[in-house]
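Here is a friendly walk through one protein model, written for someone who likes to know the cut-offs behind each term. Have the coordinates open and follow along.

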Amino acid sequence: MDNRQRLIRQNYERRMRARKNRQTDVICISVAAIVFGIFVILNLFQFNRPTKSEVEKRELARFPKLTWSSLTSGDFTEGINSFFADTFVFRDNFVSLSKKLDTLKGAKGDFELIGGGGGHGDDGPSGIGDVLDNLDTEPVQTKEPEPVDPTAKIKLSKSQVKLTVGGGVAVTAEVSDGTVPTWSVDNELIISLTADGATANIKGLAEGDANLTCTAGSESAVCTVSVEKVSAGGVDNGDTADFMTNGLFIYGDAVYTSPWYIEQNSKDYGDVAEYYAKLFPDARMSVCVIPTSAIKIDNKEILSKFPDQEWVFSEMSRIVGRETVNFVDTYHPLFDHRDEYVYFRSDHHWTQRGAYYAYKAFVESIGLEATPITGFDVLTLSTEYSGSMYDYTQDERVKTFKDTVEAFMSKKKMTMTVTDRSGNVAEYDSAIMAWSETYAAFLCGDNPYTVINVPENPQDRNILVLKDSYGNAFVPFLAENFGNIMVVDTRYSDMNIKDMFADYHLTDILFVNNLEAANSPAWAKMYLKAVGVQVD
């Protein structure tokens, strides 16, 4: 065969291969298009959409309510996006597969799971203490009212107020001649007003500015109010993913979490709490660290596998507790009640009954009175709850472990405003979703920002809570004592806490973390990042 014939044959073969490749491409694209089309049709016309995720143990986004405000602000469109993203067909199957792959990669949880109190990849000095020592800490200066003319008839306790949507505050008036003043607002879409003589309780309803006016006779005084909506940040799945099997053990009919302790990491955690105390010198700084479920076990052979938690908490009290930091003793109250139903068997969280004993210890440590446990209406949300531990362990026995979800409902009226991970805002009349059957009933799950307003409590008693998911069952109890409860989950929030709460007149700041998170550099770094300090 001469060269000319060889070239002709080679060109023919290349054309045939190209034709086959094109045919293959057409077939692949067609199949993909058909599958995608079927998926889109199924998603659009899915009549029985799920309302909760069995895999993630949380309530799913609901179709947003159409209002003029939500339509013009873009919240309605964002709500629709969140609704379809949360309820597409086969979603739980995809999430379950993703979680199993994360487990194979050794992903870490919202609590750090490790084996038997051993070491950890980040157990060396994190450098946090050195970073904070070198910072020029400038305390947050609470703004005082502008100087008032001494001859003025009306003097207000605040001339400027900054709120977040859902938050409230009290403004009082002193009238020189004793006249009972009247109150008014110029924009009822931005703030609501409840007046009681010389006191005005206001609450942020929507983002924007408004004026609160106090009038007595022919005189008036104005307090300017700015209400901000908190934006949601991106999810950091690096150090805060939820799935790792190390450190869990099955004993009897339950899965337990091993405790662990690293002195340097606890010191960093205490340094961060102390730094917050310096930033907000007018607020009491408290820390609630939660023991692991292993506190329930008496078996000495099992207990010998990890550090004794009483010793751990004694060490942490010494290291984390400072002159400016109140380290709350949660170990002994939970140990004293460990024969009660204080931890789930199938889930890595505590029950709300367990959270009550920590709440009681906290409020009593700051001189307040805890509502007796008999002072709540107790609802049973589920007797067949199957929590997160199967996903962590992939052990078939765990599927048979069932839990009861109890909810301790406050008798006080309140509103809870939740900013979810998509930036959507929803308001509820309780801090507990009584229609839920899972741990997500408390605070409506993990969200970037939540604020609870309790009108009958002192509106100038304001607490900021920074928490992991253990805080969800704990926070609703705070509605017994505080007028405003602001909750930030730094895993999902890009809020600058220093800027946001500079003029919020905080009376208390509280960290609520399980033992593993409090011994993790990841959480200390997140708390610092939330006030503008970056630690590598």
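Let's start with a loop: Cys-444 sits between strand 18 (425–428) and strand 19. Helices (H or I, at least four residues) and strands (E, at least two) are DSSP runs, numbered from the N terminus. Cys-444 has a positive phi of about 65° although it is not a glycine. At 18% relative accessibility, Cys-444 counts as buried, where buried means under 20% relative accessible area, exposed over 50% and partly exposed in between (1.4 Å probe, protein chains only).

A word on the ground rules. The model is predicted, so local features need pLDDT of at least 70 and side-chain atom pairs count only at pLDDT 80 or more, while totals for chains, interfaces and linings use all residues. Residues are numbered from 1 along each chain as its sequence is written, and side-chain values use heavy atoms, with hydrogens and water left out.

Gln-394 also has a positive phi, about 55°, although it is not a glycine. Gln-394 belongs to the loop between helix 11 (389–393) and strand 16 (403–409), and with a relative accessible area of 31% it is partly exposed.

**The chain as a whole**

The protein chain holds 15 helices and 22 strands. Of its 536 residues, 50% are buried. Its accessible surface comes to about 24900 Å², with 51% belonging to carbon and sulfur atoms; such areas come from the Shrake-Rupley method with a 1.4 Å probe, and for residues only the protein chains shown count as cover. Contact means heavy atoms within 4.5 Å. Among contacts in the protein chain with a separation of 6 or more, 73% are between residues 24 or more positions apart.

Two strands pair if DSSP finds at least two bridges between them. Strand 19 runs antiparallel to strand 21, joined by five bridges, and Asn-453 stands opposite Asn-484. Strand 20 (residues 462–467) pairs with strand 21 in the parallel sense, over five bridges. There, Asn-462 has Asn-484 as its bridge partner.

**Rings and the core**

Rings of Phe, Tyr and Trp (its six-membered ring) pair if their centres lie within 6.5 Å; planes under 30 degrees apart count as stacked, over 60 as edge-to-face and the rest as tilted. By this rule there are 26 aromatic pairs. In one of them, the rings of Tyr-449 and Phe-501 have centres 6.4 Å apart and planes at 45°, so the pair is tilted. It links distant parts of the chain, 52 residues apart: Tyr-449 in strand 19 (residues 449–453) and Phe-501 in the loop between helix 13 (497–500) and strand 22 (508–514). Tyr-449 is buried at 1% relative accessibility, and Phe-501 is buried at 1% as well. Elsewhere, ring pairs link Tyr-356, Tyr-357, Tyr-359, Phe-376, Phe-408 and Phe-477 into a cluster.

A nonpolar core is a set of buried Ala, Val, Leu, Ile, Met, Phe, Trp, Tyr and Cys residues joined through side-chain atoms within 4.5 Å. The largest has 126 residues, and those with the most contacts inside it include Trp-350, Phe-474 and Phe-501. Helix 10 (residues 352–365) gives the most to this core, with eight residues. Leaving aside neighbours within four places in sequence, Trp-350 is in contact with residues including Ile-290, Leu-334, Tyr-439 and Phe-474.

**Far in sequence**

| Residue pair | Sequence separation | C-alpha distance |
|---|---|---|
| Tyr-269 and Pro-521 | 252 residues | 7.7 Å |
| Leu-515 and Cys-288 | 227 residues | 9.4 Å |
| Pro-333 and Gly-354 | 21 residues | 9.1 Å |

Tyr-269 is in helix 6 (residues 263–279) and is buried at 1% relative accessibility. Leu-515 lies in helix 14 (residues 515–518) and is buried, with a relative accessible area of 0%. Pro-333 is found in helix 9 (residues 331–336); leaving aside neighbours within four places in sequence, Pro-333 is in contact with Tyr-357 and Ala-361.
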